[in-house]
Amino acid sequence: MKTRLIAIAAALALAGPALADGDAAKGESEFKKCKACHSIIADDGTEIVKGGKTGPNLYGVVGRAVASVPDFKYGDGILAVGATGMVWDEALLTEYVADPTAFVDTHGGSGKSKMTFKLAKHGEDVAAYLASVAK
């Protein structure tokens, strides 16, 4: 019985990360909801996704320090999160897009996020897509 429980626990542990992985192809489609405010423009100027300028350019966001796009006017809450030294990864992006204000409040900032849109579903897919475009 003990061996069986250990085997089940090991299988669940191995399955966990796979369930958290997003689908970049689905994320590309979901990103259409984001492009009203965000663009994806490579460092060399190549326009991957033409979008708005209300939000920062999301090229290379995975692996970039929070609130660090030069010359972008961030809100005080996300600037406070950035001051902690936090770096975006897929899990943090997924958390952020689900509820930006709650994210700011729980990660070192306070107050309402300037990003008012919430992506309640498929955030992990958008995060996977954003990670894929800067590789």
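**Chat notes: aromatic cluster, helices and cysteines**

Q: Which residues form one aromatic cluster here?

A: Trp-88, Tyr-96 and Phe-103 do. Keep in mind that this is a predicted model.

Q: OK. How are the rings of Trp-88 and Phe-103 arranged?

A: They count as stacked, because their centres are 5.4 Å apart and their planes sit at 20 degrees.

Q: And where do those two lie?

A: Trp-88 is in the loop between helix 3 and helix 4, while Phe-103 belongs to helix 5, so the pair ties together parts that are 15 residues apart in sequence.

Q: Are they buried or exposed?

A: Both Trp-88 and Phe-103 are buried.

Q: What does Phe-103 touch, leaving out residues up to four places away in sequence?

A: Ile-78, Val-81, Met-86, Trp-88, Leu-92, Glu-95 and Tyr-96.

Q: How many aromatic pairs turn up in the whole structure?

A: A search finds 5. One of them is Phe-72 with Tyr-74, an edge-to-face pair at 4.8 Å centre to centre, with 70 degrees between the planes.

Q: Switching to the core. How many residues are in the largest nonpolar one?

A: There are 28. Those with the most contacts inside it are Phe-31, Ile-40, Ile-78, Trp-88, Phe-103 and Leu-130.

Q: Which helices each supply at least two residues of this core?

A: Helix 3, helix 4, helix 5 and helix 6 each do that. Helix 6 gives the most, with 5 residues.

Q: How many residues of helix 6 are buried, then?

A: 9 of its 11, so to speak mostly covered. The list is Gly-123, Asp-125, Val-126, Ala-127, Ala-128, Tyr-129, Leu-130, Ala-131 and Val-133.

Q: What do the buried residues of helix 6 pack against?

A: Helix 2 (24-30), strand 1 (40-41), strand 2 (47-49) and helix 4.

Q: Let's do helix 4. Which of its residues are buried?

A: Leu-92, Leu-93, Tyr-96 and Val-97. Looking down the axis of helix 4, these buried residues fall within an arc of 125 degrees, so they line one face of the helix.

Q: Why would a spacing like that put residues on one face?

A: An α-helix has 3.6 residues a turn, so residues three or four places apart point the same way.

Q: What covers that buried set in helix 4?

A: The cover includes helix 3, helix 5 (100-106) and helix 6 (123-133).

Q: What's going on at the start of helix 4?

A: A side-chain oxygen of Asp-89 comes to within 3.1 Å of the backbone nitrogen of Ala-91.

Q: Now helix 3. Which residues are buried there?

A: Gly-77, Ile-78, Val-81 and Gly-82. They span an arc of only 140 degrees around the axis, which puts them on the same side of helix 3.

Q: What's exposed on the other side of helix 3?

A: Asp-76 and Ala-83.

Q: And what do the buried residues of helix 3 pack against?

A: Helix 4 and helix 5.

Q: Where is Thr-84?

A: In the loop between helix 3 (76-83) and helix 4 (90-98). Thr-84 is partly exposed, with a relative accessible area of 49%.

Q: What is Thr-84 in contact with, leaving aside neighbours within four places in sequence?

A: His-107 and Gly-108. There is also a polar atom of the Thr-84 side chain 3.4 Å from the backbone nitrogen of Met-86.

Q: How far apart are Thr-84 and Ala-65?

A: 19 residues in sequence, and 9.5 Å in space from C-alpha to C-alpha.

Q: Last topic: how many disulfides does the structure hold?

A: It holds 0.

Conventions. Residues are numbered from 1 along each chain as its sequence is written. This is a predicted model: local features need pLDDT of at least 70, side-chain atom pairs count only at pLDDT 80 or more; totals for chains, interfaces and linings use all residues. Side-chain values use heavy atoms; hydrogens and water are left out. A disulfide is a pair of cysteine sulfur atoms within 2.5 Å. Helices (H or I, at least four residues) and strands (E, at least two) are DSSP runs, numbered from the N terminus. Buried means under 20% relative accessible area, exposed over 50%, partly exposed in between (1.4 Å probe, protein chains only). Contact means heavy atoms within 4.5 Å. A polar contact is a pair of N or O atoms within 3.5 Å; within protein, one must be able to donate a hydrogen and the other to accept it, and residues adjacent in sequence count only if both atoms are side-chain atoms. The arc is that of the directions from the helix axis to the C-beta atoms. A nonpolar core is a set of buried Ala, Val, Leu, Ile, Met, Phe, Trp, Tyr and Cys residues joined through side-chain atoms within 4.5 Å. Rings of Phe, Tyr and Trp (its six-membered ring) pair if their centres lie within 6.5 Å; planes under 30 degrees apart count as stacked, over 60 as edge-to-face and the rest as tilted.
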